[in-house]
Amino acid sequence: MQITLKDGSVKDYAQAKSVFEIAKEISDGLARAACAGEVDGKIVDLRTVLSKDCTLHIITANDPQGLQVIRHTASHVMAEAVKRLFPDAKVAIGPAIADGFYYDFDHAPFSREDLDRIEAEMKKIIKEGHEITRFTLPKQEAVAYMRDRNEPYKVELIEDLPQDAEISFYDQGGFVDLCAGPHLMSTKGIKAYKLISSSMAYWRGDEHKAQLQRIYATAFSKKEELAAHLAHLEDIKKRDHNKLGREMELFTTVDVIGQGLPLFTPKGTKMIQKLQRWIEDLEDNEWGYVRTRTPLMAKSDLYKISGHWDHYKDGMFVLGDEESDSEVFALRPMTCPFQYYVYKNSQKSYRDLPYRMGETSTLFRAEESGEMHGLTRVRQFTISEGHLVIRPDQAQEELKNCLELAYYTLSTLGLQEDVTYRLSKWDPNNREKYLGDEDYWENAQDALRKVLMEKDLPFVEADGEAAFYGPKIDIQAKNVYGKEDTMITIQLDCAIAENFDMYYIDENGDKIRPYIIHRTSIGCYERTLAWLIEKYAGKFPTWLCPEQVRVLPISDKYNVYAEQVAKQLKKNGVDVSVDSRSEKIGFKIRAARLDKLPYMLVVGQQEEADGTVSVRSRFSGNEGVQPLDAFITMICQEICTKEIRKELPEEEKQK
């Protein structure tokens with residue numbers, strides 16, 4: 001047989017050989033570094049025997065697939081360590097994931113001390129250097145094998161496999177686990193690992209099934225890589241909006257109020273207020289929107305006309321019972337059907353279109369309790385919602401404008417480099433979920449695709465992610481943990497106007513059905529605030545800060561002047577406070593730094609006499625003494641232009 005290697009060279013063999021044997025023949029160093037093989041594009045175990053012509057790439061830890069093999073093997077070592085320390089624990093599943101691996105156990109919750117003991121036991125297992133071997137069994141023998149070992153979760157997994165399946169196991173010195181592989185040749189191949197945390201998880205992700213304990217961990221081929229990753233995790237903890245937002249007193253939650261129902265403190269409220277006022281003024285004054293205000297609930301009749309009752313009822317908060325109540329209401333999960341009746345309030349001609357309606361909408365969605373997380377997934381939220389009623393010939397231009405507005409808001413917030421674009425399409429294999437026929441969907445999807453291509457924005461296409469009435473452009477972003485959420489959406493709807501008997505009068509006097517664009521310009525304010533907290537680690541651009549300046553008198557004698565400075569700043573629209581506590585100035589400066597304030601103004605005898613302020617900033621440290629009027633002009637310019645000042649490294653601030 002002929003084996004074609006990655007560099008194009010060909011090796012001839014008279015008999016079958018394993019991937020590992022071929023790697024060893026190439027070089028002992030490659031064999032030691034090898035984690036798996038890629039045969040004709042498929043990742044295989046090093047133990048895989050090759051018996052016919054193929055292409056072969058030896059996978060090492062430098063390849064993403066190799067790192068996955070290391071982590072998968074480490075998960076088995078962790079499972080063995082748990083079984084050694086806690087013999088009654090039952091093993092479930094333990095896959096490699098994007099940044100590491102996890103394993104689920106039927107056991108009492110693990111403490112940090114337990115995790116440290118498990119880590120120490122893993123070190124022993126790795127040092128023992130057990131060879132890892134693979135064997136297979138027919139399905140019934142595999143079931144019996146795991147039943148004899150009293151591993152019910154493994155038994156269930158095997159029973160779900162096809163009757164004629166050949167079940168593979170891996171043995172590492174007596175600890176045997178059900179697994180498809182691939183794995184390293186020995187436990188000694190694991191060089192650097194760390195157990196991160198433990199939490200509850202449902203068996204097979206089903207809240208109606210057993211509650212298990214999941215241990216999250218990671219592994220790398222080098223200790224330096226592990227150290228860098230752990231440092232990254234520490235940075236993530238500092239940026240996590242759910243933690244940092246509470247520490248900064250931007251929001252909180254209370255059990256008796258309910259999960260997914262955040263309370264915004266004055267600071268958090270101030271930030272959302274700034275975002276909201278900016279967006280409303282932007283839409284109304286520069287992009288030609290009219291503003292509406294519609295109810296937070298409606299009768300079920302409205303949602304039946306829109307189709308939401310059939311397609312979305314499970315995600316709504318319904319008030320009343322259809323069988324016993326004459327009227328059933330529901331809190332609104334979206335604003336579109338309400339705004340349609342604003343449009344219908346007066347007859348429109350073709351000259352009145354596009355008719356762009358914007359609303360700062362509070363919406364309600366019955367999210368599952370397991371889906372709740374900080375501000376990114378809540379049950380009540382506020383959104384910059386808008387609906388554009390347009391003529392068909394206006395679709396491309398208005399879609400382009402919606403995308404440009406979204407890009408402008410992202411750019412102003414400094415977030416434009418952190419997003420990806422997705423064309424969310426229908427699923428033609430699930431037609432009963434959607435309005436319209438194949439031509440309708442293909443034409444609408446082509447319109448959105450064209451807009452993305454004209455803007456030269458890279459995007460992916462995803463089947464089954466469209467709304468039931470039309471495709472959409474979803475602007476996606478990831479949180480610090482890598483979970484992706486939709487931040488902004490632009491949807492083209494060519495069908496729903498029929499349901500609501502919406503029309504305009506064309507130049508011939510005929511009634512014509514309009515198209516509708518559903519869109520947001522900044523998305524959900526709660527989710528955007530979470531994103532901003534994590535992006536800036538709480539050090540927001542000055543214009544967004546709830547407190548932009550703090551005046552620090554060096555002693556009580558200068559409190560009056562400090563208040564005069566603050567008064568002048570307030571007159572110019574700057575959010576300012578005075579720290580008039582009887583504390584030393586060093587203490588006040590440290591407190592302001594911990595609060596991540598953009599500017600501190602230190603005032604004393606000389607500043608009072610000269611009408612100046614000593615400026616310290618988060619961006620460049622000591623900026624020197626300035627006339628108060630000059631500072632006011634500077635900061636007002638920064639706020640007005642929404643400038644995002646860069647922060648100098650700490651050593652440069654000291655110069």
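**Salt bridges in a predicted model**

K299 forms a salt bridge (a side-chain nitrogen of Lys or Arg within 4 Å of a carboxyl oxygen of Asp or Glu) with E327, and the closest N and O atoms of this pair are 3.8 Å apart. Because K299 lies in strand β19 (residues 297-299) and E327 in the loop between β20 (318-319) and β21 (329-331), the pair ties together parts that are 28 residues apart in sequence. Strands (E, at least two residues) are DSSP runs, numbered from the N terminus. This is a predicted model, in which local features need pLDDT of at least 70 and side-chain atom pairs count only at pLDDT 80 or more, while totals for chains, interfaces and linings use all residues. Residues are numbered from 1 along each chain as its sequence is written, and side-chain values use heavy atoms, with hydrogens and water left out.

**Accessibility of the pair**
- K299 counts as partly exposed at 35% relative accessibility, a class that lies between buried (under 20% relative accessible area) and exposed (over 50%), with a 1.4 Å probe and protein chains only.
- E327 counts as partly exposed at 42% relative accessibility.

**Other pairs**
- E367 forms a salt bridge with R377, with the closest N and O atoms 3.6 Å apart.
- Both E367 and R377 lie in the loop between β22 (355-364) and β23 (380-390), so this pair ties together parts that are ten residues apart in sequence.
- E119 forms a salt bridge with R112, the closest N and O atoms being 3.7 Å apart; E119 is buried at 14% relative accessible area, whereas R112 is partly exposed at 34%.

**The wider set**
- The structure holds 48 salt bridges.
- A network of salt bridges links E80, R84, E121, K124 and E128.

Notes:
Helix = DSSP H or I, 4+ residues; strand = E, 2+ residues; numbered from the N terminus.
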